[in-house]
Each structure stands twice: as structure tokens, then as C-alpha cells.
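Here are my notes on the model, point by point. Have it open while you read.

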Amino acid sequence: MGLTARPSDNLARTDTTPGSGESWVATRLDFLVNWGRAGSLWPMPFGTACCAIEFMATAASRFDLARFGMERMSFSPRQADVLICAGRVPFKLAPVLRRIWLQMPQPKWCISMGACASSGGMFDNYAVVQGIDTIIPVDVYVPGCPPRPEGLLYGILMLQEKVKRERMSDTSLRNEMDPDPKSGLYIPPQAIDELSEPFGNSVHQTRSGL
Amino acid sequence: MSAPFPVVIPGRAAPDAPAPATPKQLPNRGGPANPSADALRAKFQGGVVRVEVIWGETNVYVDRARLFDIVQWLHDDPSQRYDYLSDVTAVEYRDPEQPLEVVWHLRSLPYRRFLRLKVELPRDGKTLLEVPSVWSIYKGADWLERECYDMFGIRFVGHPDLRRILMWEQYHEGFPLRKDFPLRGRFSRAEQLRQALAANPEARYSMEELTVAQAFEDLPEAMRKRLKGGERTGE
């Protein structure tokens, strides 16, 4: 994936060419709904480590998350729109994170904040989940250890942009992913092993299938 | 007006204060031992295997069978009064010839003494990894021993509720801090994740709220007495 020009930044542009299946009303309604959603994302802070400190700094007055309509921290997942996972997630917390995600109503998004949440970071060991995308779907990854508040703000702006591009006619958007009943995983075990393959001189591990 | 206590200027020692003990001023081995070590030798001749003084701290290697009596005596005897158990842990060395050590850190607040007790468990495959629990002497040993069991697999005989504390209870990959445990665990990542997600967080723990009135019967006697008198707690 090289550097490509961003798509047109005219977010209000609507495709009303005949045959696209979208009427003028639907696209206008999309614009209105997305505008409302992007401007009032309520975050569910799932802070487990030092990234949560940076997240608190982002929410405090200097960086002021409230400017983007996120001043209302939703400590109950049932009233939340964005799950911000800030910090490493040990395996013991994996079922908790999964349950919190399932308790959030649609529409919902997820930001994985920091290296540990995104990939396990330096904790390439027996206790830490190697990236929360193996448990729940993630929309935006914010790199950094921990990311500065500007980094998180940039991730949030990217998420808002993503929200503004959503289309009502896109049937793949609001799919609740059902985990595989046998393994309880969303993505195939081989893919998880591939994702968490050790880099550098880490000890090579057995692949799935034991 | 004279100061009621000597004024300490930060970064500068008081004029007649002895120099603080730093590792550079202490010999690696040797030096004055904790007087409790000699008292232990006199009291439990065979129970004390050897005494070492390392960096000014006294390590007493004791016999596993006598450990409970020794700790009991250290706790109860008026000349010792080790009333605070600060840690229970274990050490496994990379050298397979060296035995696995279980370590108790005891502190005597009245006498300002610190004593480290160690029990050696030879790794010959025949010795059971079992030591007596000191839970009946120090209630604070409960979670310390559970953690030691969770990480090293050492069984504390006499512990009321010996189960895993850091890892979840269905975890059966082994004991993570042992030297034969691979850093990334025994199973593949997908299998670890599958097992972790299968664990039910509510299996053993009630998520219901508990009021003080409901938990009243489980509180210690002293606390019940205070609460009954209408006294505020924790102050």
C-alpha cells in the first residue's frame, strides 16, 4: 500500500448518477445522519495502561476532546459509540473486552490506541493479546508508545472522516460479526498466528493445530 | 523560637548523622548478621541449614519440615516479634543444579529487623514442590502464596484456597515464571486466544452489589465491634 492521493475531500459530494442505486433523498439523508454521528461520537474509554493517561490528557482542557463532540465519556457501553482501547490487554481481560464490545449498540466503532492495543507492542509474551483486532473489529489504529494527544486527535478525526463516508446503501457496514461457534474467534486461527508471528529473534512458536 | 525538631535541608545530611548505608559501603558477603539468626540456631539446631549475610541482609536457609515452627516462633516470641510478612516468593536459577528456593521476607517492626527465610527444593525430580503455608500465622500470606503457586507451581500445604490468582483459573499451560516455560507460552496464539475467550469471567465471581449490611457477618470481629458502636471506620 503505497502513498496514494486521498479521495476527494468534498465529503458532501453525492453520487446521484443513474444506476448507482442511490436516490437524491438517500444521499442527502446519509449526509445529514453522518454529519450528526461524526459530530457526537461518545467514547467508551477502555483504559488499561499508560495510554489511558494520554487519553485523559486528550480529554482534559489543554487538548479538549470536547471540540469534536466527544466530551461525554460514556462509562457504560450501552450508551457508547466509540470504544477506545487504550493500553495492553492481557488474555484474562480478553473476554471482558469482547463482552463490552458486544454490549455496545450499533452504530459502533473502535479505536485501538497505542502499540500494545494494536499489536501487543513490546509485550510479546504469554500473557498479552497480540493486537485487539484478534478479538474485536478495529476501525482506526493509533501508533505510538503512548501516542501523544495530537496523535489520538488525528485518529479521531480520521474516524470522523470514515463515518462521514458511510452510505446507507452499504449493506456490509452494520454487520454484527458472529464468532465461529467452534473456536469463538472472528478470524481464522491461521490468520491470528500469522498476525502475531514473532519478529526479530523471538522464539519461534508452534503454529495452530498444536 | 527554636525548632522542635532538627531541620533537614534536602540534599544535605544532618551534621552528625551517620552516612547512609549504600550498597557501595556494604560488603558483598559477611558483616554483622541479624541477631535473630543466632537465636534461631540456638532454638532449632537442625532446622537451620546455614546462614548467609549478603549485602548486609541476613538469609537463613531452613529445613522445610521445621519452617512452620520457625515462623511461628519468630512471630510469637517476645524477643523476636516478626509481626509483618512483607513477601512470599520463589526463585528458580538458570543453573539446573541449583535448587529452587522459596523465600519469605519477614520484618519485625518493634525491633526494626529484617530477616529472609529460604527453603531449598532440590530439582531432582523426586522432591515435591510443597512447603507449609504460613497463612494461619499471617493472614496476609493468602494472596502472596496464591501468586507464588500461580507463577511457580509451588503448593502451600495448609492454604485454605490455593488457586490461581493472576492467570485465570482454567489456565493450564503451566507455571509462567518457571525456567522451562517458554516466554510466549506453550500454545499457539490462536489457541491461547480461544481458551482465554472461552473463560467465563462470571463463573466464580458474583457481579451483584454487596451492601455492608449483607457482608456484616463476614467482617472481622474488631471491625464488627466498631461498626456496631456507630464508630466510623478507617480513621
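How many residues of chain B are in contact with how many of chain A?

1. **Ground rules.** This is a predicted model, where local features need pLDDT of at least 70 and side-chain atom pairs count only at pLDDT 80 or more, while totals for chains, interfaces and linings use all residues. Residues are numbered from 1 along each chain as its sequence is written, and chains are lettered from A, with ligands numbered from 1, in the order in which they are written.

2. **The interface.** To answer the opening question, 20 residues of chain B are in contact with 25 residues of chain A. Contact here requires C-beta atoms, placed from the backbone, to lie within 7 Å. The side of chain B that touches chain A has 13 nonpolar, three polar and four charged residues. For those classes, Ala, Val, Leu, Ile, Met, Phe, Trp, Tyr, Cys and Pro count as nonpolar, Asp, Glu, Lys and Arg as charged, and the others, Gly among them, as polar.

3. **Confidence.** The predictor assigns the complex an ipTM of 0.75 and a pTM of 0.77. Chain B has a mean pLDDT of 83 (the predictor's confidence in each residue, from 0 to 100), and 84% of its residues reach 70 or more. Within chain B, strand 3 has the highest confidence, at 94, and helix 5 (residues 212–215) the lowest, at a mean of 70.

4. Take helix 3 (residues 94–103) of chain A and helix 4 (residues 189–198) of chain B: their axes come within 7 Å and cross at roughly 65°. That makes helix 3 of chain A roughly perpendicular to helix 4 of chain B. On the cut-offs, under 35 degrees is roughly parallel, over 145 roughly antiparallel, 65 to 115 roughly perpendicular and the rest oblique. Axes are lines fitted to C-alpha atoms, for helices over the stretch in contact, with angles from 0 to 180 degrees between N-to-C directions. A:Ala94, A:Pro95 and A:Arg98 make the contact from helix 3 of chain A, and B:Leu193, B:Ala196 and B:Leu197 from helix 4 of chain B. By class, that contact has five nonpolar, no polar and one charged residues.

5. **Chain A overall.** Chain A has six helices and four strands, in the order α-β-α-β-α-β-α-β-α-α along the sequence. Helices (H or I, at least four residues) and strands (E, at least two) are DSSP runs, numbered from the N terminus. Of the 210 residues of chain A, 31% count as buried; buried takes 20 or more other C-beta atoms within 10 Å of the residue's own, exposed 12 or fewer, and partly exposed is in between, with C-beta atoms placed from the backbone. Among contacts in chain A between residues at least 6 apart in sequence, 75% join residues at least 24 apart.

6. **A helix pair inside chain A.** Helix 2 (residues 50–59) and helix 5 of chain A pack at about 75°, their axes 9 Å apart. These two helices of chain A are therefore roughly perpendicular to each other. A:Glu54, A:Phe55, A:Ala57 and A:Thr58 from helix 2 meet A:Pro149, A:Leu152 and A:Leu153 from helix 5.

7. **Two cis prolines to check.** The peptide bond from A:Gln106 to A:Pro107 is cis, with omega near -5°, and A:Pro107 sits in the loop between helix 3 and strand 3 (109–113) of chain A. The bond from A:Cys145 to A:Pro146 is also cis, with omega near -15°; A:Pro146 is in the loop between strand 4 (140–142) and helix 5 (149–164) of chain A.

8. **Positive phi in chain B.** B:Trp55 is not a glycine, yet has a positive phi of about 55°. B:Trp55 lies in the loop between strand 1 (48–54) and strand 2 (57–62) of chain B, and is exposed, with 11 other C-beta atoms within 10 Å. B:Arg81, not a glycine either, has a positive phi of about 55°. B:Arg81 is in the loop between helix 2 (67–76) and strand 3 (84–91) of chain B and is partly exposed, with 15 other C-beta atoms within 10 Å.

Technical notes: Two residues are in contact if their C-beta atoms, placed from the backbone, lie within 7 Å.
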